[in-house]
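Colleague: I would like to learn how to read a structure that is new to me, one feature after another. Could you show it to me and then go through it slowly?

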Amino acid sequence: MKENIHYFSKTDFISKEPVLEKIGIRGRRAMELASLNLPILPGFIIDADIASHLENHEIIKGIKPYFSNISSLTGKQFDDPDNPMLVKVVISPNLVIATYPTLHNFGLSDETIPGFSKYVGENFCYHEMQFLIKGFLEVEARIFELDGNEKKYKDYKKAIESISSELNKNLNAQSRKKSIEKYIPLLPDDFFSDSYTQLGIALREISKLLKLDDQNQEDTALLVQPMVYGNYGKDSASGDFYSRNIITGEKKLYGHYFQNKFNEIGAKGKDINTISKTYLKELEDIAHSVEDHFKEIRSIRFTVENKRLWLIDQRAVMNKSAQADIKTLLDLFKRKKIKKSYAVKNVKPQQLNEILHPIINIDSVSKLPVINGGIAGAPGAAIGRVFFSTDSLIKEFRLAQKHGEDTSLILCMPATFAEDVKAIEVAKGVLSTEGGYAAHASVVARQYGKVSLVKTDLRISGKKAAIGDTVIKEGDYITLNVPYYDEPSIYIGRAELIEPDPKDSGLLEYIELIKDFIKDFHVRANADNPRDVSLSRTFGAEGIGLCRTEHMFFHADRINVFREMILSDSEEERLNALNKLRPMQQTDFYKIFKIMEGYETTIRLLDAPLHEFLPHNEDEMKVFITYLKKQKGGKTVSEKSIRARCDALKEFNPMLGHRGCRIAVSYPEIYEMQVRAIFEAVYMLKKEGVDVRPEIMIPIIMNENELKLIIFGKKIEGKAIKGLIDIEKEVRKKTNSKEAEYKIGTMIELPVAALGAGDIARYAQFFSFGTNDLTQTTIGLSRDDFNGFMPDYTQFDLLEGNPFKILDRHVKELVRIAVKKGKMTRPDLITGLCGEHGAVPENIRFCIDTGLNYVSCSSYSVPISLLAIAQYNIEKSE
């Protein structure tokens, strides 16, 4: 039997694998801590070879010798009537999923109760007796259950429920003592006769349970360890803390301690850093040792009993922030405790959302009404007053600015469109009812670093919205909470936010580590204004993969000029309007190219259907009519005629209608203006010595003929379209510049373009896969509407997940075909994937394996994509 009992202390431990396999999870954890020379309580483990068969052994005789070793370290003796040592028995299964009772305070006998009570007081003494009885009754109940003795099982379960209730009540000593008497008949006759007898009874009954229990496959051990109490004498305490701050990652203990208290209901703790300096230094040493060993933040429980500090337990931390994780890994790396690859591998890419967006201070929402559920469109947390239209939100934003009031606003609409971008830009978040992760509101919110939640059961009516019985009125404060991993929620009222700081959070330093594992595959950003372009560079983007030029026209000082262009009566009027827009576009491109010096910048020419730019309500129409009258010098403007022409431009299916390159065929002067503005900016910067690398992308191409027409132009009887290369030559000649290197390519977003990629590559120097539209046109699902029936499809496994998040296998096949055909025609063809599909690790792996050169995603998703790439590269190299 001696070979089956294994002693441990801070200086004694076993590392032999055959023994470790027989002492269960808790036993291995004890040995691991013992190996770190930490102040753990000594104890012994009865291994799995005999733990289920103690009826065949003289167990007390076998374990008594180990108690003398334990006593020499703790200063207390088991069964000592004056200063008794109590022990706990921990069932140590081999699998973490096994569940067994908590068994504490063995050794409380008729002889030791007075001595224990002398140190901790009568009430606490009887409380611990109740806890002892509860644990033992749970063992007995399980035995009766497994034996099929239903009556006994029910009797014992009833007693357990009763004593559990009493443990949680604030009873006096006499009430607890009286309570204990009720349970004596359920215990063996000699249970309280003496400590060793009690422990022997308990160990044999636990062994019997293990023998009957299917959870035990003869691989469960028993760990016996002394108990210590934070209220045992004058200089005692108990506490729990984290090895560092779990929110900020600051290397400072984070938790509480309780002076002369132990598990006291309602007790208020003190900051762990205010404990006696002697103990604080020891606790800091423990924290650093444990953190260095496990290479992560750990939760630590300790007890000081009569001036001696003991480490009770330590475990992993589930509720730590991404910032805390990153700061810990950076600290470990700097101190050479981990390799760079370890630091990069041990953060989940989507965790970075926490650092990139605000998060809720959980303490601030404890009393707020909450509505759970919804579809996460863009992660983070946002607080603001609700407004139900772009116009009302913009109006309120300006008023709040003017009067110095709170400008935190939430846009709440069924769905958003291009004209609502300006509201999303100034709002803190968007709450919508239609679409999902790939809806317009979600995509734009991610681009601008805003929060987006789609709540399909939200009903909007005028200036109020309802979710069940909860009504939200315009101007009410709400808090959107959209974590990446957990369920989204709406709090009715104002919470407190913890704002992100990429520099202080360690994110920028972490990105530098990540970039060491980025080789041939890169991340670009989707950005169309200087702020987002600059942000993307900060976050490590190596280029712009998509600059949506249509977003540039929605600014207040441009939208009516663009509308004027669309509704012009003649080509001359249209050109006049375009001449007003060109300097604006030139300034935009100049700023973007300059920020992205040395990196490719892909400018997508106008893609959106023209009707999206037209007035969508009475207020917008009135403003536009007033503008037109001013432009025409007070001449009469037929409002009826304007409305009729706006109506005429509407399409039944605009996504597949008059948009993208099709507009350039009908109105070539629009693309001519944009291309001229691009190259005016390019040659202006070239003269300043700036390394500009422009790429011009033609959207919604069906076949090579469209691309050829737009690049090279064409003359037919009565009409001519000027090619992009001719426009570049004109600008170059006018500015007296040397030719700049540039590329012209296309967005592959239609199945027909993917299948015809070999022909298209004759004219395109690069392909950018627009997988949002390619998904819609391949599988025939609208990204804005499919969430209405998606739950039904999910229930019957008709689709493998959300195709607007994880690439559909048929879309992948089209991408493979296009890459293969395109590179057969043009071996040096550059290919990339553009959109939020490019911020999902599974999709990134596909892109790398398929031979693409980059992904492009919103600025706030760039670090996520970089980390996913680095982790895949590390995985392939190991």
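Colleague: How many helices and strands are there in the protein chain?

Modeller: Helices (H or I, at least four residues) and strands (E, at least two) are DSSP runs, numbered from the N terminus, and by that reading the protein chain holds 33 helices and 35 strands. This is a predicted model, in which local features need pLDDT of at least 70 and side-chain atom pairs count only at pLDDT 80 or more, while totals for chains, interfaces and linings use all residues. Residues are numbered from 1 along each chain as its sequence is written, and side-chain values use heavy atoms, with hydrogens and water left out.

Colleague: What do the overall values of the protein chain say about its extent and its surface?

Modeller: The C-alpha trace spans about 115 × 55 × 55 Å along its principal axes. The accessible surface, computed by the Shrake-Rupley method with a 1.4 Å probe, where for residues only the protein chains shown count as cover, comes to about 38,300 Å², and 49% of this belongs to carbon and sulfur atoms.

Colleague: How should I read burial, and which share of the protein chain is buried?

Modeller: Buried means under 20% relative accessible area, exposed means over 50%, and partly exposed lies in between (1.4 Å probe, protein chains only). Of the 878 residues in the protein chain, 56% are buried. As for contacts, which mean heavy atoms within 4.5 Å, residues 24 or more positions apart account for 71% of those with a separation of 6 or more.

Colleague: Why is helix α19 described as largely enclosed?

Modeller: Helix α19, residues 559-566, is largely enclosed by the rest of the structure because 8 of its 8 residues are buried. Among them are Ile559, Phe562 and Met565, and also the charged residues Arg563 and Glu564. The buried residues of α19 pack against α20 (571-595), α21 (618-631) and α24 (668-687).

Colleague: How is the packing of two helices described, and what are the values for α19 and α21?

Modeller: Two packed helices are described by the angle between their axes and by the distance between those axes. Axes are lines fitted to C-alpha atoms, for helices over the stretch in contact, and angles run from 0 to 180 degrees between N-to-C directions. For α19 and α21 the angle is about 75 degrees and the axes are 10 Å apart. Angles under 35 degrees count as roughly parallel, over 145 as roughly antiparallel, 65 to 115 as roughly perpendicular and the rest as oblique, and α19 and α21 are therefore roughly perpendicular to each other.

Colleague: Which residues make the contact of α19 with α21?

Modeller: Asn560, Val561, Arg563 and Glu564 in α19 meet Glu620, Val623, Phe624, Tyr627, Leu628 and Gln631 in α21. The residues of this contact divide into 5 nonpolar, 2 polar and 3 charged, where Ala, Val, Leu, Ile, Met, Phe, Trp, Tyr, Cys and Pro count as nonpolar, Asp, Glu, Lys and Arg as charged, and the others, Gly among them, as polar.

Colleague: How do I read strand pairing, and what are the partners of β33?

Modeller: Two strands pair if DSSP finds at least two bridges between them. Strand β33 pairs in the parallel sense with β32 (residues 743-748) over 3 bridges, and also in the parallel sense with β34 (residues 830-834) over 5 bridges. Thr746 has Phe767 of β33 as its bridge partner, and Phe766 stands opposite Ile830 in β34.

Colleague: Is β33 mostly covered or mostly exposed?

Modeller: Strand β33, residues 766-770, is mostly covered, with 5 of its 5 residues buried. Phe766, Ser768 and Gly770 point one way from the strand, while Phe767 and Phe769 point the other way.

Colleague: What is the strand order in the open sheet of 3 strands, and which strands stand at its edges?

Modeller: The order is β20-β21-β22, with antiparallel pairing. β20 (459-461) and β22 (470-473) stand at the edges, each with a single partner strand, so one side of each is left without a neighbour in the sheet. The twist averages 20 degrees from one strand to the next. β20 and β21 (residues 464-467) are joined by 3 bridges, and Ser461 has Lys464 of β21 as its bridge partner.

Colleague: Where is Asn37, and what is its phi?

Modeller: Asn37 lies in the loop between α2 (24-34) and β2 (43-46), and it has a positive phi of about 60 degrees although it is not a glycine. Asn37 is partly exposed, with a relative accessible area of 45%.
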